Amino acid sequence: MFCCCLPNKPAESLQEQSERNMAARMIHLLMLGAGECGKSTVMKQIRIIYCGGFSDSSKMEFVPIIRENAIRSIGAILSAMITLRVQLKDRSLVALGEQVLDFYKQYDHRKDSTIPKHIVTAVEKLWEDENLQTCTSRSNEYQLLSNYRYFLEKIATVAMEYYVPTIQDIINSRAQTLTVDDQIFHLQTGRIQRSLRIIDVGGQRGQRRKWIHTFDHVTSLLWVAALSDYDLVLEEDQEQKKNRMEDSLQMFESVVNYPIMFNKSIVLFLNKVDLFREKLARSPVYKYFPDCPREASFHQAREFFSNQFSTKNKNVNRNVYIHYTCATDTESLAYLLSTAVDTIIKESLQKAGLVS
């Protein structure tokens, strides 16, 4: 039955109906999460899936970022080897290691992202050293980009003068979000075109003061958390050794129970499942979260964190829609995004009174 047929309720004007329908079609999705959780990667995937990807000119904007990722990664590993007192197995590489470390300390990709050929050659030789590779398995003891392997294995390619990033290169690149990224995408759901407005805000502690200014008019919250963060500390809080996963859980609890967000629908992406699976054998979850079973399998461990987040939601009438994601996998993320958006649209239509 239409609302205009109900007694004692004034009929909506055509303008009011139009505005209500337009509001229902505009989905305001706020994407939050701690630093390095993969939010920006999700945003890039949305651009690829729904907006045709990146033009040749926009691809070139990622060249300095990608080169910086490669140099920062090898620099972080070499610095950690000094701190952790791990020596290169091939002692003939020591001079090359010092040379690369010196280059890393003065490298500024914003001024000139060029990587000289002798540095490329040195990085390739160092990358083959067994002890350097072993040091990467101790990355929970220092700060190392999760994409380090991807770009160090193709250092010669990314350093080429006429290098043009591939889509996979762009997806794997990492750059800190320092501004509010507000984009609108147009989706076709059945016969109805809808607009999806996604707001991505930086997750580092210094950026979180901006979060509250983005809460107005939000339809749904998309929280991204990296499962692989369970044994890592915050880059901005290394002295206090604040655990990244604990930080994400605390912030999630604070945001979802904030008065203006209390009745908003929640989609949770537990991201980086591939890295999570890879590190479980060498870094058991229970060492950092004692409530997790000592012999927890991959599925049990991810369910443990799923429950950790779910219990932070104090609104018993609200579901937390949880998806396990690998944000660098376009095909699987496309399906999960479609599922998440469908869920958000259904809830927004119900709240608008357009469906039962």
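Tutor: A residue is called buried when its relative accessible area is under 20%, and exposed when that area is over 50%. The model before us is predicted. K272 has 8% relative accessibility and therefore counts as buried.

Student: Where does K272 lie, and what is its phi?

Tutor: K272 sits in the loop between strand 5 and helix 12. Its phi is positive, at about 60 degrees, although K272 is not a glycine.

Student: R85 also has a positive phi. Is R85 buried or exposed?

Tutor: R85 counts as exposed, because its relative accessibility is 78%. Its phi is near 60 degrees, and R85 is a residue other than glycine. R85 belongs to the loop between helix 4 and helix 5 (94-106), and comes just after helix 4.

Student: What does the corresponding check give for helix 11?

Tutor: Helix 11 (residues 244-256) has 13 residues, and the distance from its first C-alpha to its last is 18 Å, close to the 18 Å expected. Its buried residues are R244, M245, D247, S248, L249, F252, V255 and V256. These buried residues pack against strand 1 (26-32), strand 4 (220-226), strand 5, helix 13 (298-310) and strand 6 (320-324).

Student: Which totals describe the protein as a whole?

Tutor: The protein has 14 helices and six strands, and 48% of its 356 residues are buried. For contacts, the separation in sequence is the quantity to read. Among contacts between residues at least 6 apart, 74% join residues at least 24 apart.

Student: How many cavities are found, and what lines the largest cavity?

Tutor: A cavity is space where a probe fits but cannot get out. The search of the whole structure finds two cavities of 30 Å³ or more, and the largest cavity holds about 60 Å³ of space. Its lining consists of L29, I46, Y50, L196, L222, V267, F269, L337, A340, V341 and I344. By class, these are 11 nonpolar residues, with no polar and no charged residues. Helix 2 (39-51), strand 5 (265-271) and helix 14 (330-351) each supply at least two residues of that lining. Helix 14 gives the most, with four residues.

Student: What is the volume of the largest pocket, and which elements contribute to its lining?

Tutor: A pocket, by contrast, is an open set of points. About 970 Å³ of space lies in the largest pocket. Two or more residues of its lining come from each of helix 4, helix 8 (148-152) and helix 12 (273-280). Helix 12 gives the most, with four residues. In total, 44 residues line the largest pocket, and S139, L144, L145, S146 and L232 lie nearest its centre.

Student: How do the residues lining the largest pocket divide by class?

Tutor: The lining of the largest pocket has 13 nonpolar, 16 polar and 15 charged residues, while the lining of the largest cavity has no polar and no charged residues.

Technical notes: Residues numbered from 1 in each chain as written. Predicted model: local features only at pLDDT ≥ 70, side-chain atom pairs only at ≥ 80, totals over all residues. Heavy atoms only, no water. Buried < 20%, exposed > 50% of the residue type's maximum accessible area, 1.4 Å probe, protein only. Contact = heavy atoms within 4.5 Å. 1 Å grid on protein atoms, 1.4 Å probe; cavity = no way out; pocket = protein on both sides within 12 Å on 5 of 7 lines; lining within 4 Å. Points joined across faces, edges and corners; volume = space filled by probe spheres on them. Nonpolar A, V, L, I, M, F, W, Y, C, P; charged D, E, K, R; others polar. Expected span 1.5 Å × (residues − 1).
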